[in-house]
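Here is a short report on one protein chain. Look at the structure first, then read on with it in view.

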Amino acid sequence: MKNKFEIPIKIVLFTVVFLSTTAFNAQNPVSPEAFIPKKNIAYKRGEVLTYRLHYGAIDAGIATLEVTEEEREFGGRPTYHVVGLGKSTGAFDWFFKVRDRYESFIDQEALVPMAFIRKVDEGGYKINQNYVYNHYKKQVISEGKAFDVPKDINDIQDMISAFYYARCIDFTNAKAGNIYTVNSFVDGEIFPLKIKYIGKETITTSIGKFKCIKFRPVIQKGRIFKDEEDLNVWISDDANRIPIRAQANILVGSIKMDLKEYKGLANPISKIEH
């Protein structure tokens, strides 16, 4: 069941959509030259996004992403503390219990992760990961082991920070077919997440109608997906750039994640009011 459920959800959460005290203190002081400032008007502290997850016709789970009010410093640099939670609900919880927690501490100026924590329990399959990012040395440290980041890759992300980093990309002059890449460190490897700009579209959800920008993550056919068009994401066509819907057609059915509730947005949302 893991391959049918966990992998597509990871990809969806990656596009849209924890560290011990010793690990935090192990981060070496970093040089300001290692960080290039980025413009962020997309999100702020206090933002909370809540999603309802459906597996076929089954109401399968709830996921939340929160930019907390906490201001923790790493090497003298302030960060955003983002917490992502996922849990199965209803009948799905009876036979495949999911309790996931992700945390990312994102440098407030450069929008790159300083630390990442992942605690996953999905149907008894458990993962515990603690990553510390040393951007000065271009390394990711996990349990005393250092992973080198290729010198030609800047702004390496984690599974959560990649989502917030992508929200800050300027799509003003985007054209259909344009591909954007966000490089992230996932499960001990560099994962290049590629997303293709499709165009603008208005969609209707349970909480209203929204003007959106449609993207299609570039995926590999065969293992999970039949076709390159089987995974789509709709982002609000406004300065917030929040996912409104993510939908994946997989070999054994379909997964859909819809925005259920939002608060603390940095900008007005592209909801069509009647």
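Contact here means heavy atoms within 4.5 Å.

This is a predicted model, in which local features need pLDDT of at least 70, side-chain atom pairs count only at pLDDT 80 or more, and totals for chains, interfaces and linings use all residues. Residues are numbered from 1 along each chain as its sequence is written, and side-chain values use heavy atoms, with hydrogens and water left out.

## The nonpolar cores

Which residues touch the most other members of the largest nonpolar core? They are Tyr43, Tyr164 and Ile244, in a core of 59 residues. Helix α4 (residues 161-167) gives the most to this core: five residues. Another core lies apart from it, with seven residues, including Phe105, Ala110, Val112 and Met114.

A nonpolar core is a set of buried Ala, Val, Leu, Ile, Met, Phe, Trp, Tyr and Cys residues joined through side-chain atoms within 4.5 Å. Buried means under 20% relative accessible area, exposed means over 50%, and partly exposed lies in between (1.4 Å probe, protein chains only).

## The chain as a whole

The chain has 274 residues, and 52% of them count as buried. Its secondary structure comes to four helices and 16 strands. These are DSSP runs numbered from the N terminus: helices are H or I with at least four residues, strands are E with at least two.

The accessible surface is about 13100 Å². Carbon and sulfur atoms hold 49% of that surface. Such areas come from the Shrake-Rupley method with a 1.4 Å probe; for residues, only the protein chains shown count as cover.

Ile58, Trp94 and Phe95 make a nonpolar surface patch of about 410 Å². Patches are made of residues with over 30% relative accessible area and no salt bridge; like charges are joined within 9 Å, nonpolar side chains (Val, Leu, Ile, Met, Phe, Trp, Tyr) within 5 Å. Ile58 sits in strand β2 (residues 58-67). Its relative accessible area is 33%, so Ile58 is partly exposed.

## Asn40 in its loop

Where is Asn40 found? Asn40 is in the loop between α2 (21-25) and β1 (48-55). Its side chain reaches the backbone nitrogen of Ala42 at 3.0 Å. The Asn40 side chain also reaches the backbone oxygen of Tyr43, at 3.3 Å.

Beyond its neighbours within four places in sequence, Asn40 is in contact with Tyr80, Leu111 and Cys168.

## Salt bridges

Side chains of opposite charge can pair when their charged atoms come close. A salt bridge is a side-chain nitrogen of Lys or Arg within 4 Å of a carboxyl oxygen of Asp or Glu. How many does a search of the whole structure find? The search finds 13 salt bridges.

Glu70 pairs with Arg72, with the closest N and O atoms 3.3 Å apart. Glu70 is partly exposed at 29% relative accessibility, and Arg72 is partly exposed at 31%. Arg99 and Asp93 meet at 3.2 Å, N to O. Arg101 and Glu103 meet at 3.0 Å, N to O. Arg101 is partly exposed at 33%, whereas Glu103 is buried at 11%. Finally, Arg77, Asp107 and Glu109 are linked in a network of salt bridges.

How values were computed
Polar contact = N/O pair within 3.5 Å; in protein donor to acceptor, adjacent residues only side chain to side chain.
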